[in-house]
Amino acid sequence: MQRPLENFFRALRAADIRVSPAESIDAHRTVDLVGYDDRQLFKDALCVALAKTPDEVASFDDCFEMFFAREEFAADDDGGDRQRPQGAEGDEAFGEELGNVPLAEMLLDGDGSEMAAALEQSANRVGATEIQYFSQRGYFARRILDDMGLRDLEKLIAQLRRGAGDDGADDGGDAADLAQRLEQGRRYLLDESRQYVERQYELYARANGEALREEFLMETRMSSLEQRDFVRMHKIVRRMAKRLATRYSRRRKHTKRGQLDIRRTLRRNMPHDGIPFEVLWKHIKIERPKIVVICDVSRSVAAAARFLLLFLYSLNEVIAQLQAYAFSDRLVDVGDILEHNDVETAIPEIMAKIGFRSTDYGQALDDYEENFMDDLDRHTTVIILGDGRSNFTDPRIDIMRRLHDRSRAVIWLNPEPETFWGTGDSEMPRYRQFCHVAKTCSTVMHLERVIDDILKSYARA
Amino acid sequence: MQVYGKSVTAVIEKRAMTEPRAKKISNVDEIIAGLGDVGYITSRQIATAIFVAENLTKPILVEGSAGVGKTELALSTAAWLDLPLIRMQCYEGLDESKALYEWKYGKQLLYTQILKDKMGDVLGDAPGLDAAMAKLQGFGDLFFSEDFLEPRPLLSALRQEHGAVLLIDEIDKSDEEFEAFLLEILSAFQVTIPEIGTIKSTVPPIVFLTSNNMREMGDALKRRCLHLYIPLPDARLEEQIVAARVPDIEAKLRRKLVAFVQLLREQDLKKLPSISETLDWARVLLLLHADDLAPDMIRDTLNVLLKFEQDIHAVRPQIAEMTRKARQAGERGHATTA
């Protein structure tokens, strides 16, 4: 049973459940303890030992059911191709031919579990669990069948058919009948092996494909992402935002090594006659990041805007003190929309409210100063997401300067590559002098790096 | 040791115990029956988790929303196995001097005072400084010894001769460093005190850690624990639980109220009512001498089940309809939501 369990662990890993060697040892010990007799007990015990979060419990359930579902062939009479052939009276006449082809005999015996076992053994021999890509299904199905002796079976069928043609009336009818039933069995086997391989693919390889796709998305330019990637993208971005948030929301203080906090030490040790039993060190407090995000959703960045908003949405989910604004020609506070809607409604709502209009950075900055600038203090980091293309209107550099002076840092993330900055109506070079950081940010990967840097700067200070 | 601020609630119930914990749990049904005897109705999953934990001597990390009986599970296990329960409530800022051990500073101070007085007698006739030091070496170093050790919950759990149930409650509220420092205890059931050495438990305690998922636990901790997620119960199980905990309530009403709560859980609410709320509600209904579910009465007592104003507000218009359904389900014989 060693091998199936190891395979099961591989399937679990493919389903994103971490199974370390130590955990697999635990699982083996668990299995030794509970045995295989009681399926429910077996499953519950393994689940307790391996799945570590509610999400993992759910994937464990799916994975377990899929992995241990194969035992019996689904052999019920659902008609058509899938019907398993049955043995009949006249078969003894062909005993000799059948004897040479164990597969044919097995088919006629109609023992589902025996066939399942044989299929699985063959699958193991040809290494079907190593399947990597969806396109390999046919190949592996065929190899399994070859290993089971499909060729012999096909030969036998052909031979029986020929025999039926040559021979006289009585025997020929039986042979044709048998050939017919074997042919049915062959199709049934094809079907089963294909399904088996597909299951292997689902178990072991699908996650690889998914991971590959996600990796690809991380590096694709936001403006060229497509609608159908949106859900997947949301998952990636959310995971990323969450990772960043947990990393940086936790440590509020850390000890300055070696610097004695004399005042607190004396005080704490008063009960001990002032003898410093307990020594206290100075701490550095690290504030929670306070972030203002201003997001351009105008026509010029329309393609990227959805993803910028997506990121804004995810950030809002994980960072407590986030103020979010969006603008094209006017600027509005979108914090409420992000807070109270799920992502599928929030983003279109923002786009409908303010998106797709012509850009006016000057007006947007003016709006910001008028209504929201008071919230800004020296602990706040301002992130501006936009291309800095202002349709030749007044860029209001003066406001930008005040923004720069009042805040802790101004960070400008521009979806355009740096070589385009300053061409046409781009005001980027002028804005840039009042940014602490101005960077190209066209993929999710960029975004992650930049945000990571921002949060790190909070940790250091 | 009140002086030093004993801020950890260490509830140590001493029971008269004569024999070591000889009974090894041999199967899952035994656990279900045993916990049932002390009034804790479990599902098979929960019992399996305890079974595996006990036999592999691993701690269990119990997760689930508030009020599904995570803490209660530890309490009941202790009651059933007749073991002392040692409970440690975690919070931000909890550190080892509050969780593991602390030196009895006052006593140590006293000891040095006495030592100073007696020093003359002990060293009395030693001719020089070297001789005096040599003589002093002869005495055992009492200053850092177990006599001066004040055990906190974790250490006292390890020191129980006949085993114990250790409940580390709401581990997610503690700091990350604290989690790291638990690792030695959870994997080897021992602690290392630099001045003394390693203290290892003779009979490893049964350890429950509970978490409300305030923050994600570290992988190292998760790896050392079995993971048990307690979901909200289905109607059948919940009925059994109510029957066990509020035995006075009449069977028909019990079915109806459970059906009502189950209906409530299908709503889109901020905080779904969990088992403890169901039990509270059952007690309230008992107190009000209710013999049937009536919309008015439900409206008045809804705040027992729902803890947020907006939830109450959202449910209120549907009460009549839900009551009708719940009563039907109750009349039919078993509380299913279908």
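How many helices and strands does chain A have? Chain A has 19 helices and eight strands. Keep in mind that this is a predicted model.

**Stop 1: chain A as a whole**

Select chain A. Of its 461 residues, 36% count as buried. Now think about contacts between residues with a separation of 6 or more. In chain A, 73% of these come from residues 24 or more positions apart.

**Stop 2: helix α4 of chain A**

Select residues 54-67 of chain A. This is helix α4, with 14 residues. At 1.5 Å a residue it should span 20 Å, and its end C-alpha atoms are 20 Å apart, so the two agree.

Which residues of α4(A) are buried? Color A:Glu56, A:Val57, A:Phe60, A:Cys63, A:Phe64 and A:Phe67. Then look down the axis of α4(A). The buried residues fall within an arc of 130°, so they line one face of the helix. An α-helix has 3.6 residues a turn, so residues three or four places apart point the same way.

Turn to the face of α4(A) that points away from the buried side. There you find the exposed residues A:Asp55, A:Asp62 and A:Glu65.

**Stop 3: where chain A meets chain B**

Show both chains. Here 23 residues of chain A are in contact with 21 residues of chain B. On the chain A side, the elements giving two or more residues are α2 (21-34), α3 (39-50) and α4. By class, the chain A residues that touch chain B are eleven nonpolar, five polar and seven charged.

**Stop 4: two helices in chain B**

Select residues 28-37 of chain B, which form helix α1, and residues 70-81, which form helix α3. Their axes come within 9 Å and cross at roughly 95°. That angle makes α1(B) roughly perpendicular to α3(B).

Which residues make the contact? From α1(B), pick B:Gly34, B:Leu35 and B:Asp37. From α3(B), pick B:Ser76, B:Thr77 and B:Trp80. By class, this contact has two nonpolar, three polar and one charged residues.

**Stop 5: helix α15 of chain A**

Go back to chain A and select residues 343-354. This is helix α15, with twelve residues. From first C-alpha to last, α15(A) reaches 17 Å, close to the 16 Å expected at 1.5 Å a residue.

Color its buried residues: A:Ala346, A:Ile347, A:Ile350 and A:Ile354. Seen down the axis of α15(A), they fall within an arc of 90°, so they line one face of the helix. The face turned away from that buried side carries the exposed residues A:Glu344, A:Thr345 and A:Ala352.

Step just past the end of α15(A). There A:Phe356 takes a positive phi of about 65°.

**Stop 6: A:Met148**

Select A:Met148, in helix α8 (residues 137-148) of chain A. Is A:Met148 buried or exposed? It is buried, because 23 other C-beta atoms lie within 10 Å, and 20 or more is the cut-off for buried.

Leave out residues up to four places away in sequence. A:Met148 then touches A:Leu103, A:Ala118, A:Leu119 and A:Ser122. A:Met115 and A:Met148 are 33 residues apart along the chain, with their C-alpha atoms separated by 9.8 Å.

**Stop 7: A:Asp229**

Finish in a loop. A:Asp229 lies between α10 (169-219) and α11 (230-249) of chain A. A:Asp229 is partly exposed, with 16 other C-beta atoms within 10 Å. A:Leu217 and A:Asp229 are twelve residues apart along the chain, and their C-alpha atoms are separated by 8.2 Å.

Methods
Residues are numbered from 1 along each chain as its sequence is written. Chains are lettered from A and ligands numbered from 1 in the order in which they are written. This is a predicted model: local features need pLDDT of at least 70, side-chain atom pairs count only at pLDDT 80 or more; totals for chains, interfaces and linings use all residues. Helices (H or I, at least four residues) and strands (E, at least two) are DSSP runs, numbered from the N terminus. The expected span of a helix is 1.5 Å times one less than its number of residues. A residue is buried if 20 or more other C-beta atoms lie within 10 Å of its own, exposed if 12 or fewer, and partly exposed in between; C-beta atoms are placed from the backbone. The arc is that of the directions from the helix axis to the C-beta atoms. Two residues are in contact if their C-beta atoms, placed from the backbone, lie within 7 Å. Ala, Val, Leu, Ile, Met, Phe, Trp, Tyr, Cys and Pro count as nonpolar, Asp, Glu, Lys and Arg as charged, and the others, Gly among them, as polar. Axes are lines fitted to C-alpha atoms, for helices over the stretch in contact, and angles run from 0 to 180 degrees between N-to-C directions. Angles under 35 degrees count as roughly parallel, over 145 as roughly antiparallel, 65 to 115 as roughly perpendicular and the rest as oblique.
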